[in-house]
Each structure stands twice: as structure tokens, then as C-alpha cells.
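Here are a few notes to go with your first look at this one. Have the viewer open as you read.

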Amino acid sequence: MAATKPVKAPSKRVPGVLASFTYVDAAADAIRALRAQGRRNLTVYSAAPNHEIEEALQHGVSPVRLFTLIGGLTGCAAGFGMTLWMSHDWPTVVGGKPIGSIPPYVVIAFELTILLGALITVAAVAFFSVALGKRGVPYDPSFSDDKIGIFVPTTADSARQVEQMLRNAGAEEVRYEA
Amino acid sequence: MASGHVITQTHADVTRDVVGTLSPPSRGYVLLLLGAVSLFLIGILTFLFLIKDGLGHAGYQPPIFWSVYITTFVFWVGIGHAGTLISAILFLFRSPWRTAVYRSTEAMTVFAVMTAGLFPIIHIGRQWIFYWLLPYPNSRFLWPNFKSPLIWDVFAISTYLTVSTTFLCFGLVPDVAAIRDKATGWRRKVYEMAAVGWRGTDNQWRHYSRAYLYLAALATPLVLSVHSVVSWDFAVSIVPGWHGTIFAPYFVAGAIYSGIGMVLTLIIPLRRALRIEHMITDYHFDNLAKLTLLTGSILFYAYGMEYFVAWYSGNIFEQTTFFRRAFGPYWWAGWTMIICNAFVSQLLWFRKVRTNLTSLFVISIFINIGMWFERYVIIVSSLSNDYIPWAWDQLNPTWADWGILAGSFGWFGMWFLLFAKNFPIVAIQEIKEMIPMPRKRGGHH
Amino acid sequence: MPDDLEPPNTLDRRRFLTVLGVTAGGGAMALSGCSTDRVQKLVPYLVQSEDQVPGVATWYASTCTECSTGCGVHVRTREGRAVKLEGNPEHPVNRGKLCSKGQASLQGLYNPGRIKAPMARTADGGFAEITWDNAIERLAAKLNEAGSKVAVISGASRGTFGDLLGEWTAALGGRLVRHESFDHEPVRAANRQVFGLDEFPAHDFGKAKYIISFGADFLESWGSPIEHQRGFARSHGFTDGDVARFVYAAPRRDLTGLNADEWVPIKPGSEAALALAMASVLVRERGDDRAGLAAALGSFTPAMAAQETGLSAATIERLAREFAAARPSLAVAGGIGSQHAASTEVCVAVNVLNFVAGNVGETVLFGADMPMADGHAALAKLAQAMEGGEIAVALVHDANPAYTLPKSSGFAARLAKVGFKVSISSYLDETAALCDLLLPQHHALERWDDSRPRAGVHGLMQPVMEPVFNTLAAGEILLRVSRKAAGPLARFTAPTWDEHLKSRWRDLATELGEGDPVAFWHSAVQRGGVFRDPPAPPQVALALADGRLAYTKPTFEGDGAFTFLTYPHAMLHDGRGTNKPWLLENADPVTKITWHSWVEVSPAAATRLDVRDGEIVELTSPYGKVEAPVYVYPGIRDDAVAIPLGFGHTAYGSFAQGRGVNALDLLGAPRGEFVPYLSTKVAVQKTGRYRKLASVAGVPRQLGRGIAEAMPLEAAKRGLTVQQARAEEGHAHHEINTGRELEAIHGWGEAQTRATQYGDYANEHPQWGMSIDLAKCTGCSACVTACYAENNIPTVGESEVLRGREMTWLRIERYWEDAGHGGGEPGEGGHGPESSEPAAAPSARFVPMLCQHCGNAPCEPVCPVYAAYHTADGLNGQVYNRCVGTRYCANNCPYKVRYFNWYKYNEQAWPEPLHLQLNPDVTVRARGVMEKCTFCIQRIRDTQNHARLEDRPIRDGEFTTACAQACPSDAIVFGNVKDPGSKVARIKQDARGYHVLEEINVRPAVTYLAKVLHPVEA
């Protein structure tokens, strides 16, 4: 496999072994084996989320939901706050209705709830998966097509052992990247 | 895996086929695009006249102070409801058939709302100060009137546009990454940027899938609220024919109905043009048609209920309005709406009709026409006869009305065509998610 | 105006101040500020003139010259520009009220069609501008040549100018004819015959307990309309708990006819038979024949009259008995619309009827003569003379015979035979267009002048502003010519017209036994004239020679199927109003059509002819053809068609020219003392072409919505409410809520209202409100014109009216009403004129509709930018600058009284110099904003400011809205509802009071009082 230029030229590349699998159960086996060895700092590439791999990795639930909640509540508060304050800022009677009438303001509050909720959720994802994402980890275009990739950060000396382990699990291609 | 629908492709095929849709444009495509752009220019020209001399060019005839523009506004907002419904609500319901079509419908949604968003600006008397509807500190020391449904609109429509756009782009990221890895040259650079460094790592997928779920959860009440709010533009007024509690559900059903109508109109030719028949199949159309039948029947009920309530209320204003809607000067519009929406949709009880693309396409056209007329009838015919008979009059639309209407179709078509050629119109990643990956031990997990 | 000021189209600062000097000194002249091209920069006052405070209006008292009635006016000027005309409250004729025509004279002053400077005919047939000196010289020269071969045609001017003109013509040995198109000659002729009095008496409609009009449109053009309307409102408006019955006997119902309790559609020209039959029944039944007419009347039996009129004998008997029973009663006749060859007989008959009923001296008051002209015969003789070349120089002043006489009379051709023709008209009208020399005279608001509309009333006119154009007062022209021509004219030595007038008023002072002529003059200038009680009515005796009474069967020329009726247009009069956009756009009160001619056809006739609204038909009489669109009108006999006068100008400015058709083209040459407008039969031909009528009417049916309510007289007398009256007629109101529910609804409403008492809204404020009495409203539409004038409402023109875009903040809706209440079912109606085909002979109800300034205004909450909002003093405010033009407010207005600026009307409605009429106190609205009635907020604030300066509360009646001020019947009352003592607050307590669309709970600030019907006692 010709070493293709990685997508983001990393400031400093992380040395380690990059393997690519065709078979999903093979990849899952490899992950389990590596984790058994105490290698938890893996990076697994796939074109679509996959249950087997997720189970093998045993990740906890993503924290973005918390941000969704915060965003929603903020929006709701902002909605009521803005409408009520603005109508009392210059009291103007229309249609013989009270200056601050809650029913119409519910609509505004609702829309802002959704708006902030959604925007902050997306912001959170960007934060966690891009800003906090691992840097300098090698990547191969085939991962966005039909291959599953596993990258094991490791030093040159223990690389051979890791490569061997991955091959046994059923990796088609394995290479050490320094 | 849902009944009657088996995907016989590998991940590699999916990537290939979808990337294939982005091949250099055919002559037909270019002609279509030019057509759309020229329609759009007609709209621009008309708008310039409105700005130069005033709204008088349009056929407004008091007491009809809203007519074709607001009709078309509601029409486009309505179109904009199928996408989010399919991508969000059906996602929550885990209904598998959405996968193949949701990207195109989502795109349609965004562009339809973009179109609708122009109308509140076009239709006001002093277009250049439309932003006075926004709550920003200003020299007038005046905030907008949050009791006005028009302000609710501002918030509902802009929220809807933002969220559905976010939703679309969010779903696009992994697919753009996939294209990036196939693309070469300058296009690669562009997709590279669009992919915002997506690599499909386990960590990314972890947050992504969660977030997608929450977005869907937020978009679902939103899509229901937006057209309810639009319906309140009418329902909270005191105009007979507008002032009805039935309006919110009635409009939402109508919106979805019209939206799916437009979806059918768009993807039936699209799948041919892009050669993705094996991805969007009878199975999908059958389900779309069922949804159409459901919403169409809800409309049927709503129409009937409007007349019943008008009669049962004993309110002479309501009675007059609905009597004239059926037998007055607007009988033709009234019956167009009832036939196109209530009756034509009933043909979909037959499986043959549902799975025959020709008949589906024809029906979808009827739906588009019918739904435009529904809004025309509700707005124009109700306004044409409210409380004071002395003020009653009829509308005479002019070139200025049709010019803007044509422009809106051009504007929408332009965006949709551009999107279809430059972005995956079928969701690569979600299709792949449904295709079982090869296993060395064989069999299923 | 001093000569040295001419030509006045340059105004440097020096002259500006000179004028100020004159202004301050003369106390009457106003600072120039009129024509735009004059003042280039703003000039600060060095010497603050006493009567010119920038931003503060100056009022001048003057006299209206739009018709021969001679109403007194107050002219409001701002920064030296006349901006509004209102009635002079002191003036005995109009008592502070003014009709649309009078108010629109402002648009005559600033009319773009005015002649801007003296002009002379050029070789190529055009006109070229010349200087006044040159013009005067030319005329003088011609007069010297002409000797006594001089003819002067003038209007019905009775005043100093009229006298001067008379003496002036006499001095030349020339002939003077005073021509007034509607001079009611038959009335005077009849009075000569019956009572030996050559005058048009005053009529006290207020005193009459029963009124019958034989085609006299006394609310429109007949006699003294404003005065009549005032009286009519008193007797017929449920003023002192009673309503005089009013019967209208004519082939067509005009506005006056639509106000009648009963319409008897007699055959055209058969009035005399009816009147005489009534008189004979009356004499027979009363059994006293002091007049000694029993014999003469004997032959006029109800049976005979039934034969002639087409009524039943029983009806005639009933009318006679009703007429006799009510004392005093009043019968009037001699309307232009029913003026036929034998009209004098009609007036004679009516005189007799009044006499035997004992009305003469009661409701018919002689002694207070009304202005008069010389009748048509004199003019015809003069025209003959012109034909015969006996006239070398003809002057035409204040008359337009080339238009107001039927073309068949050939006047134009005869005038053309005159060697030198001079026009002293302000406008290039049809007659002026034939002349060789144009001497444009000052508009009435630019000159000194006076008018004696009747004995005891000396109305004074004064210049309220600097002339708009380079014109002169007609009197000034005569005097200057006299100076130049010398010869027999040498005896007219007055230095200026103003001096001449003042000297005459000094004579008047002595004549009236006034000690101090200067004080007399000043008070006259201040009050707009001198008003003395009319002389006691003379003892009127029957002077009927050998008591002969004649009735000539009417004969009509032509063999068409329809009798042709034509009548004075309620706004355009004889066509002199057709150059004024206000009068063209303010819809005809009867048909509600604007800007163009129409042909009235009865529903039955329309079916017979198979024509509908807007279908263009061709009318053919022996004398000509005209084409006009059909208006299907239930108020006209099936055997007659009608076209209004006033349209079809061939000159007279861009507004008038080529607009509609001239009904006179169908008439023959008048042969008698007057023009017989009712004299031909016409054939009606379909052309197969259509045009949409520029009507402001939507569906003219109430569809049971109780917009214009009414109740029978006896119900009103018993003080029933509208609801109760309805209930008695079996239209009981069906309440769907239980008592508890109503309580809850009410309580919730109160709570909502309390919740609005916040910020400034919690403070003490007046609450402005209005009441409109439908029993008094006649639909005359004077209020509409007043509203246009006060609030700078743009006229949008025919094309926009066709699109329903007229901007009438205040409009008069006219609903057709079948017998009984309500009328119409849900779903009835259709579109505009198409559906205006009510069932046979319905009655009309007029209801002025304006912004109701609702307490719970539906228009307010829907506005996204607070452009529509509620003021603390109960007004429904509309802030133009805030408005972005979403138009939601208009959709949500149940009364549909909001109007949108679809185009840049503000740039189109007032072509120069018409824009000078604009009221500086009121914003001119830009394109793209919504506007509507403001309850004349500028007047409210102005009054409040004054009150605050004088540190006092506002007095009730201290001010009122423009519409209320103008209303000749005082149907509209405005004031502070919170002040229990205020007139409006008291009227709102009236049992007849109701709100339009009460059930939708928008809490209007306008209360309507139900019309009171006086049906035939069964």
C-alpha cells in the first residue's frame, strides 16, 4: 500500500502500527486482544459506526447530551427573559392585552430552546471529536470506503510484536509508521 | 432488515455509485440549471419593479391585502416539512426506508425554507427595512411586538432554517470525507475543507451518533411547531375562514403532504438521471406513498371539519365565508384544492398506484398544484369576504405576482440542482451502516 | 393689490417684506408662500408680523362662490397658504357647514388647469402670454371700435361686482345677460303667476311635519342645499322625538329621494297632475275654500291624476290626507332633473297646494329673495344677435355657456360669429377656448368681492393669500379698461377695484344706519359680512288670474323606448366641479361611482335589454348619441334611463377633459325661458363592449349583519333599543352562552383591561369617542371631502379606484334594504357592482364608516413593529414611520377602514400647484405604509397644547374632527367620553345607540344611533 499523504499534516506524528481489515469480526478480535494487553489508546477507523467494534472498544456514553440539555435550558430562559423585559422596557398596549402576556411569548421561548439546543450540541461534537481529537495519527483513504483501520501507538522496539498480533487477528495490511 | 428490501451491494459499491453521481454534468443538467437561473432572474427583475414603484404592481385589491406572495410563502414553508420529518421523525422511529431518500429530502427542505424566507421580505411595503422585525437595539428605542404572529414567524422560520441546515451539514460530514478520499485535484481541496478533518475514528463516531440522535429529537418538535406557527399567522386573526382552532394540525398535515408531493416530483426523475434506481426502489416509493395517503386523508378530514364547524357554529360570518368558498367567486379554486388534495390522494389506497412511478409522478404534480391552491383559497377567498360586505372585492393577480412566483421556483431549482451535482444525494454512511460488513467466520453477528 | 408689485412671479426678500407690510397694515392680505418656484430660500422674519406666526394657522372669513347660494366660509391659512375651507358659523345661510363643492373650491384655487397669465390668440390659433397692460390696451381698443355693439355674459352674481358690471355695460350701451345653468326659472315664474312675486322663496324644512318633493333635489342642487339639510335634519332626524314623513314623487330617486320614507315613482312630467289632485282632495276634505279654487281644482280628481301619474287613486288620496293632516307641511318642486317644458305648471300647482294647505308664510317664506339670473330666453336672444352680427365684442365672465347649453343650441357657433371674444375666467373652459383674449381673474380666495345671496345677508370676500398666478380681480379689469378706453367708460373713476368695493360698503354702512363706517368695515371683514334678519315675510295673497290652473300632458321628442332623464351630479353640479379631483373621487352618493359617466337602468329594464353593470350602451335621441356603461339602479322607473350632468368636458383642464360623456348632447335646443332637461326619449342599443365601473361599492347588502340599523318611529318614541325593536319584529337575539359563562367572559375581559393599566396607561387621560346619528345622516358626503382636505388624503385616480384602492379614511356605505330589518342571507352577494341589483324599490341606508378606534383593536397586536398601537387617551394610533407595510392590520380590521399606499400616491396625487393645499399639520404618507382615520389627532393635540398653555381643561365642543365640523346635519359628534357632561357622552346613552359588529367584542369608540323609519301607517 503506497503511503498516502495524511489528511492533516500533523505537527508531530505519533509513532505506531496501522493495520487495515476487511472483516469486521477480525477487527473486533484484534481490538479485544490489544485491550487485553492493556493497549487502550487505540484509534479505530470505519466508514460507518459498527456495533461489534463499539462493543469491543467498550466506550462510555458521549457527554454531548449534557450540552444539549444546557443549550435547551439557556434558550428557554433567554426566550422568556427577552420577551418579558423588552415588552416592559417601553410599555405599549396593543389590542387591550396585558403588557407582558405569557401565551404568545411561549412560542418565542420554544423556538429559542430548540435553536440553542441544536447549535450547542453541534458545537460540543466539534469540540470533542475535532478539537480534542487525536493529532498526528496516520490515516488511509480506504477507511472511508470499505476497510476498517486500527492504529496502535507504540515504539519501534515493540512494533514487531504488535504487527504480529494484528496479522494473527486477520489484518490484510500492517505497517509501522514512525 | 426491513421486509421487501435487500441491499445487494458492498460498501465499496455504495461509495462508487454515489461518487458516480458527481460525475461531470450532462447537457440536460446544464439546460435545466440555465432554465432555473433564468426563472430566478425574472423574479429578481419583478422584485426591482416592486422596490422602484411599490407593491401596486401586484394585483392586490383591498380587502385582499395578502395574496399570491403569502400563498407562495406558505407553500414553500410547507414543502420544507417533508425533509425534516423523514430524516428526524422516521430516524427516531428507526424506520429503515428513510435512509435512501432522507438526504435528498433534507436538501429540499433547506432550499424550500430558503425560498420561503424571501417572501416575508418581498411582500412588505418597505422591503428595505424588513430587519425592523428583529430585536436589536435601535435608534427607535423600540423592540418588536412579540404578541404579533409575524414575529413568531421570524423566530420559527429562522430557527427552522438554522436547525435544518445544521442537520443537513452534520449528516454530510462523513460522506464528504468519503468523497474527499476519492476526489483528486482542486475538488479534493474543497471537499477536504468541507470534511472538517473527519476520519471516522471510533471517538468521532461515538459523539457523532449521539449528537445525531439529539438533533433528531430536537428537530422533531421543531418541524411540528414551525407550521403550527405559520398557521397561527391566520388562526389568531379574527378573519372568518382563518380564525379556527383546527389550523395547527391541519396545516402540519398539509405541509407534510405537500412536502412529500414535492419529494416525489423531485426524486422520481432524479434517480433516473443519477442512475441510482437500485438504491431508491419501489420499496421507498411505496412507503412515501403511504405517508402521502395518511396525510392526504388527514386533510380530507380537516376540509370536512372546516365546513361542519362553519355550519354548526351558527356564526353567519363563518357560514358566509365557507358558502362562498364553495359556491362564490372562488368556487374554482376551492374545488381545485379539494379534488387535488382530498380526492386524488385516495387513489393511493391501491398498491398498483403506489408502486407505479408514472402514476405517482402525476399524483405528485396534482398535490403540488392542490396545495398551492389550498393556501390561495384560505388566504384570498377568506379575505375577499369578511365582516363588512361593502368592502368585499376580488383579486386580479398580475405579472408581478406570477413573476415572483416563477422566481421562487427558479431560486429553489437552482440550489437543488447545484446540490445534486456536488454532494452525495444518497447518504453513503447510513447506507453502509445498513449493509452487513463481510465476516471471515461468515454468517451474521 | 398695488400695481407696482407686478408681475408677481419674482419674490426677492425685499418684496417679501413689502408684502408682509401690506399684510400687517391691510390686516387681510397674507404672506406669499404659494407657488413653489417663487421662494427659493427660507427668509427669517425681521419684523414679526402680527397675523403670521409660523406654525400657527390664520383664519379669514369669506364667502363661497362655487354655486349661487352664497354660503359663508372660514378659510384656514398656514404660512400664507389657504389649506382648508370651513363654514362660517355666523353666516345665516349655512351656519358653519359647507358642502363638498364649497370645500373643493380650494382645488379650484390651486388648480393646475388655471390660466396663469393674460393670453391672446395667435395667428396659428394658439394662445400666447402677454402682459396685463397689453391685454387691457387690446380690450380697450376693441371696445372703442365696438361702440354699443358689446355683449357681456356673466354668472348669477348679485353684489358690488354685479352692479358694477351692470353699470359698466349700460355705459357702453351694450347688453348684459346673467346666465346661471340651474337658475330655477320655473319656480320664479310660478311665483309671479300665483303670488305676483318674482322670487325664489326660502323654505323652512325644519318646521315642516310632512314633506313632499315633486322632483326637487333640495339636498343637492335645488335652492340652498346646506340650509335645507340643516332643516331636514331637524324635522326628519328624530331631533325632538318625532320624524316628519318625507315623500318623494319623481321618476328617479336622487340622493334627496333616497332619504325619503316613501318613493312614488310617477310618470315623467306628471307632477302637476299629482299636486293638483292632492290640492283638490285637500280642499274637498277640509271643506273650506277661502282660496276659491274648488272650481278650478274640480277637474283634477285622483282618478284623473292616477291616469297621468301611474299611481293608484287610493295612494293619491292617502298622500293628500297625510299632507293635509300634518301642519305645517311643505311641498317643493322645480328640480333640474324634472325640469320639462311645462315645469312652470308644476310649480304653479305646488304653489297652490302649499297655499291651500296653509304653508305659505309657515314653511314657504317670501321676502328673502335668492340670487337670480336672466333666464335662458335672454341668452338665446343675445345668441341671435351674435348670429346677426350685431355684436362686435363679447365678454364672458363666470359662465361657461359653450358647455352648459346643449350643443344643439349652437351657442358656440354663434359666439364664433362675434369679432372679438374675451374671457374673464380663471380656467381655460369650453367658452374661454373660443375666445380671442383671456383675462384670467382672481380666484374667490384671492380677491376682494361681496355677494348678496338674499335680503339681509351681505357676504364679504377677502383675499386670503397672495395670488397663485398672474391674475386680476374681474372688477379691477373693468376699471383698468375704463381708464384706458375712456369715452363712455370715463365715469368709472375708482382707482382700484378694492377702493370701489370699500366705497360701496361705506354707502352700505349709511344705508344700514351704521355710524362708524370704518368699524363697520372691520367687523364685516372679521365676520365675513353683515348679517341682518330677513325682512318680515310679506302678506302673500293669491294673484292667480281668474283662478285658471293648467295641466299639459308631457310630450317628449324622439321615439325611443325610454324617457331620458339627466340631473345635476351631486358633486360636479353643472360640470364646474369636474376639474377638481376631490369631487371626482368622492363617489356619487347615490350610485357610488367615481371618475366617469354612467347610464342608470332599472333592474327590470336591464333584464329586458339584457344588459348588466358595466356593459356599454349607446343612447340615441333625435339630437345625438352618447355611449356610457350601464349602472343597474333600483331607484329609477322601468321606462326611463338617466345620465348625470357634469361630464364630457372638451376643455377645462386635464382632470375634466375627455372624462365621460355630456348628457346635454341628447337634448334639443331650449326654446323657452329655461332649459328643459327632461324633454327627449332615447333608444338604448347594446354595444357588446364592457368596462368595469369605477365604483367604491362592494356588496351593497347587509346580509343580516346589522351594520346600518334602523327602527320604526313608534319603537323609537317608546325608547326601545335596537335589540328590543328587533325582538318585537320577531328577530330575537339568540344568546348561546349561559349567564355564568357570560359573567366569566365579562370578568376575564375586565381583568385583561385592568392588566393594561400600566406605565402611562395608568394615569388620568381623556377617552375620545364619537357618535353618528343615522337618523340625521343623509349620505351627502361633505364629511368625506372634509376628511380629504384635513388629512392630506391622496386621490388615487380612476385606474386605482378600479382596483379598490381608494384611500377614503371615512367612507359612506350605502346599503339596499328591503322592507323590514336585516335583509339578505349568508352567502348572498357577489362582487362589487355586479351584485348591486337589489329587489324592487328597496330603501337605502347610509352609514359613515371610519376607524372605530376599538378598545380591543384587532389591528394592533398583529403589527410586528408597534406601528399600530393604543394611545393612553383611547385612540388607535398609527405611526407611519414605524410601519414596514406587512398589511396584517388591514386584514385583521373587521371594519376594513385601513388603507395602504400601494404606489407613491404622495408624488402623484397633487400635481403643481395642487400640492400647496396640503395641511402642514398632517404627515403626507409615503409609499408602502398603512394609514387610516386618526380622529384628527392633530386637532386634539393642538387643542390640548393650547389648554395646557392656558392651564385649563379642554372644554367640550372647543374643537371637533373635520368630519363632524363639516356635517350639515350635525349627525357626527366627537368628544371626551369620560367627561359625563360632554355631548358625545350624553348621546352615547341614547337607546338607539349600538356598535357595529358588537358581537366580536372589539369595543369600538364609535357609537351609531339607529335610523328612525317613518313607514306608512297601515
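1. Start with the salt bridge: the side chains of B:Asp386 and C:Lys896 come together here, with 2.8 Å from N to O. Keep in mind that this is a predicted model.

2. Polar contacts give another count across the interface of chain B and chain C: 39 residue pairs, with both residues at pLDDT 80 or more. On the side of chain B that touches chain C, the elements giving two or more residues are helix 2 (27–53), helix 5 (149–182), helix 7 (202–235) and helix 10 (316–327) of chain B. Which of them gives the most? That's helix 10 of chain B, with six residues.

3. Sorted by class, this side of chain B comes out as 36 nonpolar, 14 polar and eight charged residues.

4. Now for the extent of the interface. Chain B brings 58 residues into contact with 66 residues of chain C. Between them, the two chains bury about 4,900 Å², and carbon and sulfur atoms account for 60% of that. Look up B:Phe65, B:Ile388 and B:Trp390 while you're there: they supply 19% of the area that chain B buries against chain C, more than any other three residues.

5. One last stop, in chain A. Its domain assignment gives domain 1 in two stretches (16–57 + 134–177) and domain 2 as 64–131. The C-alpha centres of domain 1 and domain 2 of chain A are 44 Å apart.

How values were computed: Residues numbered from 1 in each chain as written. Chains lettered and ligands numbered in written order. Predicted model: local features only at pLDDT ≥ 70, side-chain atom pairs only at ≥ 80, totals over all residues. Heavy atoms only, no water. Contact = heavy atoms within 4.5 Å. Buried area = accessible area lost by both parts, 1.4 Å probe. Salt bridge = Lys/Arg side-chain N within 4 Å of Asp/Glu carboxyl O. Polar contact = N/O pair within 3.5 Å; in protein donor to acceptor, adjacent residues only side chain to side chain. Helix = DSSP H or I, 4+ residues; strand = E, 2+ residues; numbered from the N terminus. Nonpolar A, V, L, I, M, F, W, Y, C, P; charged D, E, K, R; others polar. Domains from an automatic or database assignment.
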